[in-house]
Structures are given as C-alpha cells and as structure tokens.
Amino acid sequence: MRGDPSVLHVDLDAFFAAVEQRDKPSLRGKPVVVGGVGLRGVVSTASYEARKYGVRSAMSTAEARSRCPHAAYLGPRFEVYRRSSQAVMAEMRALSPLVEPLSLDEAFVDLSASGLTGLTVEDVQAIALDLKAAIRKASGGLTASVGAGTSKLIAKIASDLDKPDGVVVVPAGTEAEFLAPMQVTVIPGVGPATAQRLSMAGVRTVADLQQLDEDELIRQVGSAHGSSLYRLAIAADDRPVVSDRETKSVSVEDTFETDIIDRSLLAAIGDRMAHRVSERLQKAQLSGRTVTVKTRMHDFTTHTRSSTLAGPTDDARVIARVARRLLDDSEIGGGIRLLGVGVSSLADWIQDDLFTESEYAEAPVEVVELPERPRDQVGFYPGQDVAHPDYGRGWVWGSGRGRVTVRFETADTPPGPVRTFAVDDPDLTKVAIGSAEGDDEPESGQNGLNE
DNA sequence: TCTGGGGTCCTAGGACCC
DNA sequence: TCTGGGGTCCTAGGACCC
C-alpha cells in the first residue's frame, strides 16, 4: 500500500441522463430517465431531478413511470455516450498514463504513474478540481465526482460520498477508521446475497467485519470471497490500477416484449445474434472457442448451454450453427423471455484451419433481413436443415422475397456450394431438426483435434 | 412494479490423464 | 483387482458490477 492518496476514482454524475440534458436544453432542470422504454424495460440512469421521486437505476421502467409520470423517458444513445466518454477518458490520460476504465462513466487514475510522489491531501484536492474542470470543458458541461485514497477500494468508496460534483480525499493512514462505521454493502462485491449471509452472522458494518476472523468469514461466504473481503475490511488493498484489461467474452442478448415459444422464430433470432457477435469479434480482432446460448424462462430462471470448439472462430456461420444446436438442446417450456448468444475462451488470433473465415470468404452468401414471421411467410427459416436431390444435405442461410439461399454440406472440405432457390421449388425439402447426421463442426472430442 | 444488457469472477462436479 | 491424489479442462449456475 502506498503512502499518499494517489489513486483517483472518477465517476460521471448521472451520466446518460446528463448527456441528454446537455444535448436537449429543454430537459435541463427536469426529471429525465434513460433506459428501456418498452414493456420490460429497466432504468439505466435517472437524473437527480428524477431521483427525488424515488426513481433508481435497475428499477423497472413501469415502476419509474408510476413514481414520476411527468419525467422524460428516453432510450439510450450509446454512440453519443461513447464519444463523450472518450473525451473524458482522454482528459484523465492527459493527467496520468495509467487509467483503468470500468465502464463508460467510471475510471481509476493512478497519479503515481505520472511521476508525482509524496502527494498531500491538498495536492490531490487541487489535482481533482483541475481534472473536473477539464472534464467539464471537454464534455460540454458534464460533472464528475472524484474520490481519492491510497487504494482502489478507498478511492471508489470516497467518490460516492459527495455526489454530485464532489471531491473527497481520504488521508493516508485513516483508511480503516474511514471504513469502520459504514455498512458492509459499501464494499464492492458485497451484494444482497453476501449481505444477507453476513447479517445472519451478526455483521452489518465494516467494523463488525473487522472483528471477524478470516476462517469464520470464509465459512460464511466461501474461500475466494472470504479472504478478499477479510483484507478489504481492514483496508488492505494492493490491487494495481491496470490500463489494458483484455476482453474475456463477447455476447448479445435480447429480452422480448412477450415470451416466445416458436422454436423456428427463436432459431432465426439466434442466427441474427450470432451475426452480431461475429461482427463485434471481428471488429475487435478476436475469436473464441466456446459458444454459449442463454435462455430465460417466464419465471426468470436462467439457463445456459455451451459448447467448446477445437479451435477459435469469429465466423458467424459457425457460431450460428453451434448456437442453433445448443438452442435445440435447451428447454423452452411455456416460452422464453430472453435469448442470448455469446462467445468466450477468447484468443487474439484465429486458427487458420477448418471452418474459419479464410475458407468461407470465397463463397458469396446472400444476407437477408429476417422476415417478421419467417415460417408463415416464406416457409423456410435460417438454420433449417434441408435436402436437395442434386446437392444433398444443407441448411438455410437466408430467405426472403420468394427465394431461399442454402449452403450445402459436402463430403470433403467446407464450404459447400451456396445455391438460391424459389421457395416453392419442389426439389428442396425440409429435414427434421435433429436428424442431421455427420454433423461436422470442429467440436472438441468429436474429431480428434484435441491433444 | 415484475425484474436490461454488457460484462467479470467464483464454485462445483465430472471427465480425463498421469 | 482395487484404490489413490493432483491437475486441467469443460459445463452450468450464481453473485455481482455499471
């Protein structure tokens, strides 16, 4: 641990709502709620005017509307927020090269990396005020709250104490007493479940936590969580500020306005999600081996199914195929409210082998907008298994405007030929899902590619 | 008032290998 | 023939964060 309060935590105040108020002067001074505006939407950010009515982040928009009917309810504009965020982060990087963004509106700044040493509380206070002014100027008027201390934990907690537009610097050496009177839930990582378990052990404040011995804590909340909590409670936090954290997974998910039971519709939606995941992987020059499908039932129970390939891929068609099979294996019950597709086990390289983009790139493939009712209008849906007397077994890549595009599997190497047919072509027949033989995805344990 | 979307990290059990 | 322990990988679920 360091001897001066050189870790800053910078937190933009009501960020999404503040950007909207900045861009639309008519909203200034009024309650603004940014989040999902649909039936199942939740609040991302409420302006301070809306918070007076009890509107909070993560609250359902329906409840927010009942608490504050006269607020402006806006869907998020992530591209705009991203641009403002970048401008703000640039101001922090001008102060120190060591900046760790936690989200669009939050970051740690390590002042020791800029060569500043022996900082007093007054020094840090002045630096924080300068930074806030620079942020305000660079972002067109956004305010930030800044906390500073000898560790990430202290800086993070401090930034929350004088919101909005505040600065709190915790002097070196006063950390444990600073934390002692606070509720355990101020410690990042202590959520409702952990708080509940701790309270059963009579622990409500950090002071209570400081009395507990480590073994007892581990018995209550588990080994990793227990030992990290034990150290955080006594303000023993030496976690470094890290500027380049690598991405571990990329995923897309969607909650539907009403639950969906139709598997063919879900398969088509899953295909689109696979495409979006693929686009984002390619943009980031990433590829991954594990494909995961997530489903959420009407009662909110959530299930995942995953499958790990022999080598990494960023190819939409490979991700879509695996996702469709995982979806076929998933219980759907009386319908699901959410579907998600993700890729993890990421590598920053792409295996030049098997079903990766280098081979698929040769075959032109028609990408078709998903029809609103794919099965009823077209008779085919993306991912559906089909057969043709001349070309053999294949699967539908796209359909629309009276035509259906099919990728055929061949015995030798992928990709097979891609052909387009009229939807009423009598030679093109549908094959029941799950009856496909010789499924030739590069899947672990099936083709001997693993060591 | 029924609960988003993007993530991270941890746990636990089973398979498999040495 | 029976019984092992440790390490790694994979899968599923859960807690948590913004």
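Which residues does UniProt list for "binding site" (unreviewed entry)? The UniProt record names Asp11 and Asp105 under this feature. In the predicted model examined here, these two residues span 95 residues in sequence, yet no two of their C-alpha atoms are more than 5.9 Å apart, so they gather at one spot.

Asp11 is placed in strand β1, which covers residues 7-12. A residue counts as buried if 20 or more other C-beta atoms lie within 10 Å of its own; Asp11 has 21 such atoms within 10 Å and is therefore buried. With neighbours within four places in sequence left aside, the contacts of Asp11 are Asp105, Glu106, Ala144, Ser145 and Ser159. The other listed position, Asp105, falls in the loop between β5 (99-103) and β6. Asp105 has 22 C-beta neighbours inside 10 Å and so counts as buried. When residues up to four places away in sequence are not counted, Asp105 touches Asp11, Leu12, Phe15 and Ser85.

A further annotation in the UniProt record, "active site" (unreviewed entry), is placed at Glu106. This residue belongs to strand β6, residues 106-110. Glu106 has 17 C-beta neighbours inside 10 Å; because a residue needs 20 or more to be buried and 12 or fewer to be exposed, Glu106 counts as partly exposed. Apart from residues up to four places away in sequence, Glu106 touches Val10 and Asp11.

Elsewhere in the model, helices α10 and α11 were examined as a pair. Helix α10 comprises residues 214-221 and helix α11 residues 223-233. Their axes come within 7 Å and cross at roughly 135°. Angles over 145 degrees count as roughly antiparallel and those from 65 to 115 as roughly perpendicular, and α10 and α11 are therefore oblique to each other. The crossing of the two helices, α10 and α11, is right-handed.

On the α10 side, the contact is made by Glu214, Leu217, Ile218, Gln220 and Val221. These residues meet Ser223, His225, Gly226, Ser227, Leu229 and Tyr230 of α11. By type, the residues of the contact of α10 with α11 divide into five nonpolar, five polar and one charged.

Methods. Residues are numbered from 1 along each chain as its sequence is written. Chains are lettered from A and ligands numbered from 1 in the order in which they are written. This is a predicted model: local features need pLDDT of at least 70, side-chain atom pairs count only at pLDDT 80 or more; totals for chains, interfaces and linings use all residues. Axes are lines fitted to C-alpha atoms, for helices over the stretch in contact, and angles run from 0 to 180 degrees between N-to-C directions. Helices (H or I, at least four residues) and strands (E, at least two) are DSSP runs, numbered from the N terminus. Angles under 35 degrees count as roughly parallel, over 145 as roughly antiparallel, 65 to 115 as roughly perpendicular and the rest as oblique. A crossing is left-handed if the near helix is turned anticlockwise from the far one by less than a right angle, and right-handed if clockwise. Two residues are in contact if their C-beta atoms, placed from the backbone, lie within 7 Å. Ala, Val, Leu, Ile, Met, Phe, Trp, Tyr, Cys and Pro count as nonpolar, Asp, Glu, Lys and Arg as charged, and the others, Gly among them, as polar. UniProt positions are given in the numbering used here, feature names are shortened, and annotations may be inferred rather than shown by experiment.
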